[in-house]
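Subject: Structure for your review

Dear colleague,

Please find below the structure that I am handing over to you. My notes on what was found in it follow directly after.

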Amino acid sequence: MFVLAGGFGTRLRSIVSDVPKPLAPVSGKPFISYLIGHWVEQGINDFVFLLHYEAGQINAVLESMLQIRSFQMLISDLLSRGVPLGTGGSLLHAIKKTRDRRLVFL
């Protein structure tokens with residue numbers, strides 16, 4: 001599953017300015033952890049994260065989730081580009097690396 005999580009989150013920035021949108025706290029947990037938990041419950045356990053803005057922060061949270069092992073998941077590829085490519089550019093870059101995956105927008 002492709003997970004597009006590299007945007008700047010400009011519409012949410014006035015509320016959550018210290019973390020990127022996927023890490024916005026919801027009841028004390030990063031928003032992305034709820035999404036991943038739901039997907040894993042549905043049997044999805046192979047993810048390709050397409051990151052840009054604050055990719056390091058998101059990567060650290062994903063790594064923590066794997067270490068805690070509260071989720072059974074495989075992160076196939078963590079794709080981060082040095083320049084913003086937009087949705088289309090990010091997908092094109094990812095498609096060159098992998099095939100046949102679902103797409104989720106964050």
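A residue counts as buried when its relative accessible area is under 20%, as exposed when that area is over 50%, and as partly exposed in between. Please bear in mind that this is a predicted model; every value below was computed from it.

Val19 sits in the loop that runs between strand S1 (2-4) and strand S2 (25-26). Which residues does Val19 contact, once its neighbours within four places in sequence are left aside? They are Ala24, Pro25 and Gln57. Pro30 is 11 residues from Val19 along the chain, and the C-alpha atoms of the two are separated by 9.6 Å.

Val19 also takes part in lining the largest cavity. As background, rolling a probe the size of a water molecule over the atoms shows where empty space is left. The count here is 1 cavity of 30 Å³ or more, and the largest cavity holds about 50 Å³ of space. Besides Val19, its lining includes Phe8, Gly9, Leu12, Arg13, Val16, Ser17, Pro20, Lys21 and Tyr53. Sorted by class, the lining has 6 nonpolar, 2 polar and 2 charged residues.

Let me turn to the chain as a whole. The chain contains 3 helices and 6 strands, which follow one another along the sequence in the pattern β-β-β-α-β-α-β-α-β. The chain has 106 residues, of which 34% count as buried. Among contacts between residues at least 6 apart in sequence, 73% join residues at least 24 apart.

Helix H2 (55-68) has 14 residues and reaches 20 Å from its first C-alpha to its last, close to the 20 Å expected at 1.5 Å a residue. Where around the axis do the buried residues of H2 lie? The buried residues of H2 are Ala55, Ile58, Val61, Leu62 and Met65. They cover an arc of only 130° around the axis, and therefore lie on the same side of H2. Gly56, Gln67 and Ile68, on the other side of H2, are exposed.

Helix H3 (residues 86-97) has 12 residues, and the distance from its first C-alpha to its last is 17 Å, close to the expected 16 Å. Leu91, His93 and Ala94 are the buried residues of H3. Their arc around the axis is only 160°, which puts them on the same side of H3.

Finally, two residues stand out for their backbone angles. Most residues other than glycine have a negative phi. Ser27, however, has a positive phi of about 50° although it is not a glycine. Ser27 lies in the loop between S2 and strand S3 (29-30), and is exposed, with a relative accessible area of 72%. Glu54 likewise has a positive phi, near 50°. Glu54 is found in the loop between strand S4 (46-51) and helix H2. Is Glu54 buried, partly exposed or exposed? At 33% relative accessibility, Glu54 counts as partly exposed.

Yours sincerely,
A colleague

How values were computed:
Residues are numbered from 1 along each chain as its sequence is written. This is a predicted model: local features need pLDDT of at least 70, side-chain atom pairs count only at pLDDT 80 or more; totals for chains, interfaces and linings use all residues. Side-chain values use heavy atoms; hydrogens and water are left out. Helices (H or I, at least four residues) and strands (E, at least two) are DSSP runs, numbered from the N terminus. Contact means heavy atoms within 4.5 Å. On a 1 Å grid over the protein atoms alone, a cavity is a set of points where a 1.4 Å probe fits but cannot get out, and a pocket is an open set with protein on both sides within 12 Å along at least five of seven lines; lining residues have an atom within 4 Å of a point. Grid points are joined across faces, edges and corners, and a volume is the space filled by probe spheres set on the points. Ala, Val, Leu, Ile, Met, Phe, Trp, Tyr, Cys and Pro count as nonpolar, Asp, Glu, Lys and Arg as charged, and the others, Gly among them, as polar. The expected span of a helix is 1.5 Å times one less than its number of residues. Buried means under 20% relative accessible area, exposed over 50%, partly exposed in between (1.4 Å probe, protein chains only). The arc is that of the directions from the helix axis to the C-beta atoms.
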